[in-house]
Amino acid sequence: MFDKNLIDLSVMSTEQIDKIIRKAKKIMQSPADYRHACDGKILATLFYEPSTRTQMSFQTAMLKLGGRTIGFDNPMNSSVSKGESLKDTITIVGEYADIIAIRHPVEGTAAAASLYAGVPVINCGDGGHLHPTQTLADIITLSCEKGRLDNLRVGVCGDLLNGRTVHSLIKTLAKYPNNSFVLISTKELSVPLYVIDILEKNGCKYEISHSLADAITDLDVLYMTRIQRERFASEEDYQAQKNVFVLDKEKLDKAKENMIILHPLPRVNEITVDIDDDPRALYFKQAQYGMYGRMALILLLLQDDEFFVENRPFVVSNHHCNNPKCITQQEPYLPNLSYEKLGMVMCGYCDKRID
């Protein structure tokens, strides 16, 4: 089964991912050729939690393609504040717009929205689950700056438990040959086991480290992330974690001269500002690459009749997801969708194990 939604970049083939990258590079080379590519089309940006880069990047991408945008950046300014269900909101917006970009603090929301939209849905982040279009920005940056998506030693550092950008990036780069990972975090913020399962299934080498200074010496890429205050149960828990990993000049001096530093942003204090002028620091340029990636994605979803994304083989079952962060806990009318992976039954929305 195939559809026109981008919920999880990891379900795409490497050929499809490479097609997006090629399209993004063509747009970069000749942006004037695409000024009217989406004339008459409308993008709805539904952002249920704060965003600067992702929301503005999508809006700018559509405007540069000649289209228009509608939407909200605060659900309290919409009928959501009156108790409207996700289903009703999405069904109505799908009648107004040609494509929807949605961010939501609850895991699996984008997948749920795709059931009712009637137009392509793009996941702009669902809780601590996934952030596929940030991963597009990441891999386009790697392709342009490193010249390859394989044979990379990638260090990911920070909140690996809640970092949806990290989950999406690891799952995508695991598709390419000879990539290896160094997972740098505290024990409390270690990467979820389902991500480890993906690394092992793909035969990717990985190491676990609790020291950024030790891990940085032989990396090709260092992917820094902030400690996500909004994902913690208490302020005390956040304060115990927030300053554990900070990239400063002393640590950077130990890195290779051709290592590049990426960060999905926003930055809090995990990269000192004096590193911004180092040629290895590409996180601001990375955001610009992301806009071109989103332009390419919008074009392919709206105009390329052959660009379909394969669905997992979902079934409607009696298995109910018990993940308290899953959208099924808030929207009880949703069908119980599940799929099998490695002999386990997984939730079709948040990808957590059910059985």
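At what angle do helix 5 and helix 6 pack, and how many Å apart are their axes? In this predicted model, helix 6 covers residues 164–173, and its axis lies 8 Å from that of helix 5, at an angle of about 55°. Helix 5 is therefore oblique to helix 6. The crossing of the two is right-handed.

On the helix 5 side, the residues that meet helix 6 are Pro132, Gln134, Thr135, Asp138, Ile139 and Leu142. Their counterparts in helix 6 are Thr165, Ser168, Leu169, Thr172 and Leu173. Sorted by class, this contact has five nonpolar, five polar and one charged residues.

The other partner of helix 5 is helix 1. Helix 1 spans residues 14–29 and helix 5 spans residues 132–145. They pack at an angle of about 70°, and their axes are 10 Å apart. Angles of 65 to 115 degrees count as roughly perpendicular, so helix 1 and helix 5 are roughly perpendicular to each other. Helix 1 contributes Ile17, Ile20, Ile21, Ala24, Lys25 and Met28 to the contact, while helix 5 contributes Leu136, Ile139, Ile140, Ser143 and Cys144. By class, nine of these residues are nonpolar, one is polar and one is charged. Ile139 of helix 5 takes part in the contact with helix 1 and also in the contact with helix 6.

An unreviewed UniProt entry annotates residues 4–142 as the domain "Aspartate/ornithine carbamoyltransferase carbamoyl-P binding". This span is 40% helix and 17% strand, and its end C-alpha atoms lie 25 Å apart.

Note on methods:
Residues are numbered from 1 along each chain as its sequence is written. This is a predicted model: local features need pLDDT of at least 70, side-chain atom pairs count only at pLDDT 80 or more; totals for chains, interfaces and linings use all residues. Side-chain values use heavy atoms; hydrogens and water are left out. UniProt positions are given in the numbering used here, feature names are shortened, and annotations may be inferred rather than shown by experiment. Helices (H or I, at least four residues) and strands (E, at least two) are DSSP runs, numbered from the N terminus. Axes are lines fitted to C-alpha atoms, for helices over the stretch in contact, and angles run from 0 to 180 degrees between N-to-C directions. Angles under 35 degrees count as roughly parallel, over 145 as roughly antiparallel, 65 to 115 as roughly perpendicular and the rest as oblique. Contact means heavy atoms within 4.5 Å. Ala, Val, Leu, Ile, Met, Phe, Trp, Tyr, Cys and Pro count as nonpolar, Asp, Glu, Lys and Arg as charged, and the others, Gly among them, as polar. A crossing is left-handed if the near helix is turned anticlockwise from the far one by less than a right angle, and right-handed if clockwise.
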